[in-house]
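Reader: Please go through the strand pairing and the helix packing in this chain, one point at a time.

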Amino acid sequence: MSKSPVYNVIAVPIEKIEPNTYNPNSVAPPEFKLLYDSIKEDGYTMPVVCYYVKSTDTYVLVDGFHRYRVMLEYPDIYEREGGLLPVAIIDRPLEHRMASTIRHNRARGSHNVDLMSNIIKELHEMGRSDAWISKHLGMDRDEILRLKQITGLSALFKDVKFGKAWLPEDEEEAQFPSSEETAEDVDIEEMEE
């Protein structure tokens, strides 16, 4: 990348901007009101980040969903800004836009765990490895594993190597104490044979 997108901010009619389908970030009502107050007092000090879709002449949000929502939900902001939102454009493939969304969000807030696990699932289905996800989303292996477990999809674990904590014996060969016997009644050496 030779020049940062922020040096080419453009004013885009909000009607041409669409939210993405994968943003796991959420803002509680008090913080959303604070964002509105900030935009009301200071104006938009940061552009939203979008990907331009030439075929539909639309802009898909990568970062800035809540700044976008403020303009949609507060007529005073919409009127003051003339319905135009400042946009920095990035031209990256979908998996990189998803990673960018997560990086932007993780630097500022918290994520909805179910939506995060769905993003991990989607990236996995796109063929992205745990190492790629770790590098691009800033997650460690344990966090990725926990998010995979939430989705419950066995396909997400096909490349995971599990250790052998124990090996089961044939049930006929194993000698377990009967319900009347206690552990003290059974010779431990007998069980180990």
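Predicted model: local features only at pLDDT ≥ 70, side-chain atom pairs only at ≥ 80, totals over all residues.

Reader: What is the order of the strands in the open sheet?

Author: The sheet has 5 strands and mixed pairing. E3 (residues 48-53) runs parallel to E5 (residues 84-89), with 3 bridges between them. E3 also pairs with E4 (residues 58-63), here in the antiparallel sense over 5 bridges. The order is E1-E5-E3-E4-E2.

Reader: Why is one side of E1 and of E2 left without a neighbour in the sheet?

Author: The sheet is open, with the order E1-E5-E3-E4-E2. E1 (10-13) and E2 (17-18) each have a single partner strand, so one side of each lacks a neighbour because both stand at the edges.

Reader: Which residue in the hairpin of E3 and E4 takes a positive phi?

Author: E3 and E4 are antiparallel, and their hairpin has 4 residues between the strands. The positive phi, near 50 degrees, belongs to Asp57.

Reader: Which elements do the buried residues of H2 pack against?

Author: H2 covers residues 65-73, and its buried residues are His66, Arg67, Tyr68, Val70 and Met71. Their packing partners include strands of the sheet as well as helices. The elements are E2, H1 (29-42), E3, E4, H3 (75-81) and E5.

Terms used. Residues numbered from 1 in each chain as written. Heavy atoms only, no water. Pairing = 2+ DSSP bridges. Helix = DSSP H or I, 4+ residues; strand = E, 2+ residues; numbered from the N terminus. Buried < 20%, exposed > 50% of the residue type's maximum accessible area, 1.4 Å probe, protein only. Contact = heavy atoms within 4.5 Å.
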